[in-house]
Amino acid sequence: MTSLTTDSARILDIDTEISQFERPVAQLRLENVYPVLSLPNEIVSEIFIHFLPAYPNRPPLTGLRSPTLLTHICAKWRYIALSTHALWRAFTLRFAFNDAQTIQHQIDLAESWLSRSGSYPLSVQIDDSKTEADLPPEESFLAIAAQRGRLEYFGYNNHARENVLLIPGSLTLLRHLDLDLSSAITNKLAVTSEEAPVLRSASLAAFASARVSLPWRQLTSLTLKRVFEIECIQVLQETENLVACELWILPAGLPAAGQADYDIVLPRLHSLVLNGLGPCRLHAWQHPDLFLRCFVTPALRRFETLNCFLGRDPIASVASLISKSACTLEGLCIMHEKERLRLYEPEEKLPHETEELVVRLSDYCHAFPSIPKIFVRLQGDEPDNNAFTYGWHEEDA
């Protein structure tokens, strides 16, 4: 029995030694078949990060563009993915679903991503859209609210609730805030400079501009969407340090009050975009160019506007802006609504309802020879930087 026991123990030792030799051999064979597995974990981690949209853009929580996919390839990649905090620091939480179970699953996924992101700054978008199911209780957002000190880019799209969720306290890392409050919310949201000391950029849509108070003077970039002119004026009169401003106006016109009541002085503004939502009709406005006349922008370099904001004499309106502001424009872009635009030959008589809206490109070039780049294009299209015109006939100079 002693000899048999000794032999059995010896066999076990031999088996152990064989396993120890076979393990690296198997690893080498695997790496010959899949050379990527021989890469250092740090390199694989960087590759994973470049698989995602560049931060602060947000990948989906699930699907082929989600980092979750990387955890389903093999055990090694799963380990690397779960250990790479930067993969999980940006996401969009959507509630555009019709059942409470799916909504809760989204919340659970978001909470797991927050845990995996470690201490990294966050880029989070919450789309609180109306659904057929009951909206999740506000307590469901406590995990996200608890991380607001890490929020660097935050967006909230509210189409259903009467209250704004995640009323901020300390937002020490917040750089950009994007709020779309499309329902008549009952509470107001106030963010102070002490709470958000590095906030420099904001995008506010619909009710947000009226229901949210921000440290306006520290903003350098501002976008306002689906707002009336008077709402824009009330905000812009407090944003004296803006460098870039984009406005999407619901055209209603301004009352012909004293011009000083509407003055908007933006001494550092380099780029101004005036766009519109819904049809812009000059005959619907008593003073269609009054809004543009509010601006004093001595540092303005790029001006882009929907044609209807220039009134019935577009050339004079642009000239007035340049003269009043004493600015030196480097780029001018005039947009026209698609349904009001077609090609007209130089000698062709324009229809009456179109004539008041149309100024040909050559007219702008002749009126403003010192502006190096002038574009006339369709609303919603991007200008062609290699040509003066997009969608219009350019007359011979």
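**Before you start**

This is a predicted model, in which local features need pLDDT of at least 70, side-chain atom pairs count only at pLDDT 80 or more, and totals for chains, interfaces and linings use all residues. Residues are numbered from 1 along each chain as its sequence is written, and side-chain values use heavy atoms, with hydrogens and water left out.

**Whole chain**

Show the cartoon: the chain has 10 helices and 15 strands, where helices (H or I, at least four residues) and strands (E, at least two) are DSSP runs numbered from the N terminus. Of the 397 residues, 44% are buried; buried means under 20% relative accessible area, exposed over 50%, and partly exposed in between, with a 1.4 Å probe and protein chains only. Contacts here are heavy atoms within 4.5 Å. Among contacts between residues at least 6 apart in sequence, 64% join residues at least 24 apart.

**Colour by confidence**

Now colour by pLDDT, the predictor's confidence in each residue, from 0 to 100. The chain averages 80, and 73% of the residues score at least 70. Confidence is highest in β12, at 96, and lowest in helix α9 (residues 352–355), at a mean of 46. Select residues 341–348, where pLDDT stays under 50 and the model has 19 contacts beyond four places in sequence. Residues 350–357 also stay under 50, with 16 such contacts. Where pLDDT is low, the predicted coordinates should not be read in detail.

Next, select β6 (residues 201–206): 6 of its 6 residues are buried, so the strand is largely enclosed by the rest of the structure.

**Helix α7**

Move to residues 229–236, helix α7, and show the buried residues E229, C232, I233, V235 and L236. Looking down the axis of α7, they fall within an arc of 165 degrees, so they line one face of the helix; the arc is that of the directions from the helix axis to the C-beta atoms. Those residues pack against α6 (208–211), β8 (221–227), β9 (244–249), β10 (264–265) and β12 (295–296).

**Helix α2**

Select residues 41–51 for helix α2, whose buried residues are V44, S45 and F48. They cover an arc of only 105 degrees around the axis, which puts them on the same side of α2. E42 and H50 are exposed on the other side, while the buried residues pack against α3 (75–83).

**The nonpolar core**

A nonpolar core is a set of buried Ala, Val, Leu, Ile, Met, Phe, Trp, Tyr and Cys residues joined through side-chain atoms within 4.5 Å. The largest one has 88 residues, and L247, F295 and F303 have the most contacts inside it. Its largest share, 6 residues, comes from helix α4 (residues 100–116). Centre on F303: not counting residues up to four places away in sequence, its contacts include L272, L292, L310 and C333.

**Last stop: D127**

Finish at D127, in strand β2 (residues 122–128). D127 is buried, with a relative accessible area of 11%. Beyond four places in sequence, D127 touches L93, R94, F95 and N157.
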